[in-house]
Every structure is written in C-alpha cells, then in structure tokens.
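Student: I would like to go through this model in questions and answers. Please give the cut-off behind each term when it comes up.

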Amino acid sequence: DWTMKAFKAQEIAKVRAQVGSGRVICGLSGGVDSSVVAALLHEAIGDQLTCVFVDTGFMRSGEADQVVSLFRDRFNIKLVHKDASDLFLDKLAGLTDPEKKRKIIGATFIDVFEEEAKAVGGADFLAQGTLYPDVIESVSFTGGPSVTIKSHHNVGGLPERMNMKLVEPLRELFKDEVRELGRELGLPDDMVGRHPFPGPGLAIRIPGQPLTRENLDILRKADAVYLDEIRKAGLYDQIWQAFAVLLPVRTVGVMGDSRSYDYACALRAVTSTDGMTADFYPFDMAFIGRVANRIINEVKGINRVTYDVTSKPPGTIEWE
Ligand code: XMP
C-alpha cells in the first residue's frame, strides 16, 4: 500500500534526523507494537539500536523463544534476553490486589530494564511502541472523567531517570495501521497479526490468588489449547483478542471413576478496533464445547470451563 510505504519512509527519515549518531534502546515485549518499532528502527539506524527483552515469565507458551529467534537470529538485531522470571515471582509473592500487582510488575520491569540497559553501555534514546489510543486513554477514558482505570505497564519515569529522550514512531497510529506498517517492514504475518497482549501478561489473568509457577503453567496450557482451536477453526484473524483466565475457585467434577476438585477457567474473546470498546465474540456453542473438552482433558488442574459474555463497557477486556 503506497500510503504506508510513504509513512514508513517518512518515519525512517524522522528517526534518523532525531537520533543522529546516537544510541537507541528499545524494549521488546514480543507484541506487535514493540516488534514494529524495533524493525523500523533497525531499518533506520542499524547497529545504533539495541533491543532489550525482559522475560517476565508471564508470556504465552513458546513466545519468549519466538522473540529471540525472530529478532536475534533472523533480523540480526542486537538483542539482550534477560530471564527475570524468578525475580518477578519473588516480588509478587502472596499478592492478589490487581493494582498492587500492576505497580510491582511495572517497577520491577523498570529496574531490570535499567540494569540491562546500563550493562550494554546505556543509550541516548529510548524507543517505545506508544500508539494513538494509548495517548488518548492515558489522558481520559473513553470520554469519561480522567481517572485511572488500570495502571498500564510501561517504562514511565525511566527516560528521565536514565537521561534518555523518547523515540515514539507509532504515536499517530491505530493498531491496524501498525500491522500494515509491520508488513511493510517485512515482519512475518503471524507476528504482525498477533493478538494484543498486555505487558504484565499472564500475571493479570490469574485474579484473586497469588501467582505461582504452578498456576501460571496451568493457565499457559489452557491458553495454548484455546488459541490452537481458534487457529484451527480459522477464526484467529476475526478476533481482536482471545485468552483464558484462571479463576480463583475450585469446583467438584467427575473424571472417570473419581471425584476431582480443580480450578475453573474462563475463556474470553472479543472483537474491537482499538481496544477502547469491545464486544464478546459470538462463537457457536459447539466450538466452545470442543475447547472445553480439550482443556479439561489436557490441562491437569482445570475441570470446568466457562465463557465470558461481557462487552466493554461495562467490562474491560482483561479481568484485572
Ligand atoms: P482493558 O482490559 O483495559 O484493556 O479493556 C484494553 C487493552 O489494553 C490491553 N492492556 C494492556 N496493555 N499493558 C499493556 O501494554 C497493560 O498493563 C495492559 N492492560 C491491558 C488489553 O490486553 C487490551 O488489549
């Protein structure tokens, strides 16, 4: 598409003019936005860019490896991969309050990121995948009063602390435009088309109970089964976001001849254009039944599956 081609050329020129011969650090999350920023910057300034991927341990199944193999091995981008999953779990031990979790995840992320950034010699600029809806939603919430609905996880405060200037080449774009730009930059379709994923990841999809490696693993498996069925049914691209939530209740079930007493999980899928409003996705019940069967059979620890039919507003997309 010629307009996106023009936008890309224009942004590359802008980045070069802003950055000069300076060094840029970009936080890679594995999501579409930071991936597109990284690819754009790499094309604009090559080795002046270093990417830092802080692995929180809260990613979906297989994603950490995919990030590393795409950016380091295929794109040849300088990439630091820091596995900080122990630290994150330590800091969150025993916590259930969603806002506290978000604050601690954000603060821990900044600490780790800063340490890794220093270890590679620092930089003059920090690149971020801020989108237009982020700019609006942080000011007010869908036209409502200016209150914080959820503290979003970002590297706020870090640029000042480390004396870095911000590079935000996606500030004028909506998600669908970011995807188009990503294609223009040669990112693979499965990366560009990937559903949005919150910075705090699976950590905010286990409401009401403390996080452990065990419950994260249960959720990660259920999520993988759900997404696998969605892809097989050819529905992935029609859905804005789909994920499982591990509920803090155990219920009684029958498995073969015996009684089970395991977690319930909720499945969520929504359509949306910018994440600010959303409708639940109207799967047919046979599909939901198939997913439920597979999760209960394949994921030890879950014996009941429900489907969330709340739209946004009044609900939010995530549960925390
Ligand atoms: P909610 O749950 O507020 O989410 O309706 C709207 C969109 O934002 C994503 N989300 C986040 N993204 N950091 C992010 O980068 C966060 O802390 C965060 N919380 C929610 C959510 O997945 C949805 O796409």
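**Contacts, helix packing and backbone details**

Student: Which residues is Arg213 in contact with, leaving aside its neighbours within four places in sequence?

Tutor: Contact means heavy atoms within 4.5 Å. This is a predicted model, in which local features need pLDDT of at least 70, side-chain atom pairs count only at pLDDT 80 or more, and totals for chains, interfaces and linings use all residues. Residues are numbered from 1 along each chain as its sequence is written, and side-chain values use heavy atoms, with hydrogens and water left out. With neighbours within four places set aside, Arg213 is in contact with Ser85, Asp86 and Leu89.

Student: What is the relative accessible area of Arg213?

Tutor: Arg213 has its place in helix H10; helices (H or I, at least four residues) and strands (E, at least two) are DSSP runs numbered from the N terminus. Its C-alpha atom is separated by 9.4 Å from that of Ser85, 128 residues apart along the chain. Buried means under 20% relative accessible area, exposed over 50% and partly exposed in between (1.4 Å probe, protein chains only). Arg213 is partly exposed because its relative accessible area is 41%.

Student: Is Phe243 buried or exposed?

Tutor: Phe243 lies in strand E6. Not counting residues up to four places away in sequence, Phe243 touches Arg205, Asp223, Tyr226, Ala266, Leu267, Arg268, Ile317 and Glu318. At 1% relative accessibility, Phe243 counts as buried.

Student: How is H2 oriented relative to H8?

Tutor: Axes are lines fitted to C-alpha atoms, for helices over the stretch in contact, and angles run from 0 to 180 degrees between N-to-C directions. Angles under 35 degrees count as roughly parallel, over 145 as roughly antiparallel, 65 to 115 as roughly perpendicular and the rest as oblique. Helix H2 (residues 32-45) and helix H8 (residues 175-184) pack at about 40 degrees, with their axes 10 Å apart. H2 is therefore, relative to H8, oblique.

Student: How many charged residues are in the contact of H2 with H8?

Tutor: From H2, Val32, Asp33 and Val36 meet Lys175, Val178, Arg179, Leu181 and Gly182 of H8. Ala, Val, Leu, Ile, Met, Phe, Trp, Tyr, Cys and Pro count as nonpolar, Asp, Glu, Lys and Arg as charged, and the others, Gly among them, as polar. The contact has four nonpolar residues, one polar, and a charged count of three.

Student: In which hand does H1 pass H2?

Tutor: The axes of helix H1 (residues 2-19) and H2 come within 9 Å and cross at roughly 65 degrees. H1 is therefore roughly perpendicular to H2. A crossing is left-handed if the near helix is turned anticlockwise from the far one by less than a right angle, and right-handed if clockwise. The crossing in which H1 passes H2 is right-handed.

Student: Which residues of H5 make the contact with H4?

Tutor: H4 and H5 pack at an angle of about 145 degrees, with their axes 10 Å apart, and H4 passes H5 in a right-handed crossing. From H4 the contact takes Leu87, Phe88, Lys91 and Leu92, and from H5 Lys101, Ile104, Ile105, Thr108, Phe109 and Val112.

Student: What is the relative accessible area of Asn163?

Tutor: Asn163 is found in the loop between helix H7 (158-161) and strand E5 (165-167). Although Asn163 is not a glycine, it has a positive phi of about 60 degrees. Asn163 is exposed, and its relative accessible area is 68%.

Student: What is omega for the cis peptide bond that joins Lys312 and Pro313?

Tutor: Pro313 is found in the segment after E9. The peptide bond from Pro313 to Pro314 is cis, with omega near 10 degrees. For the cis bond joining Lys312 and Pro313, omega is about -15 degrees.
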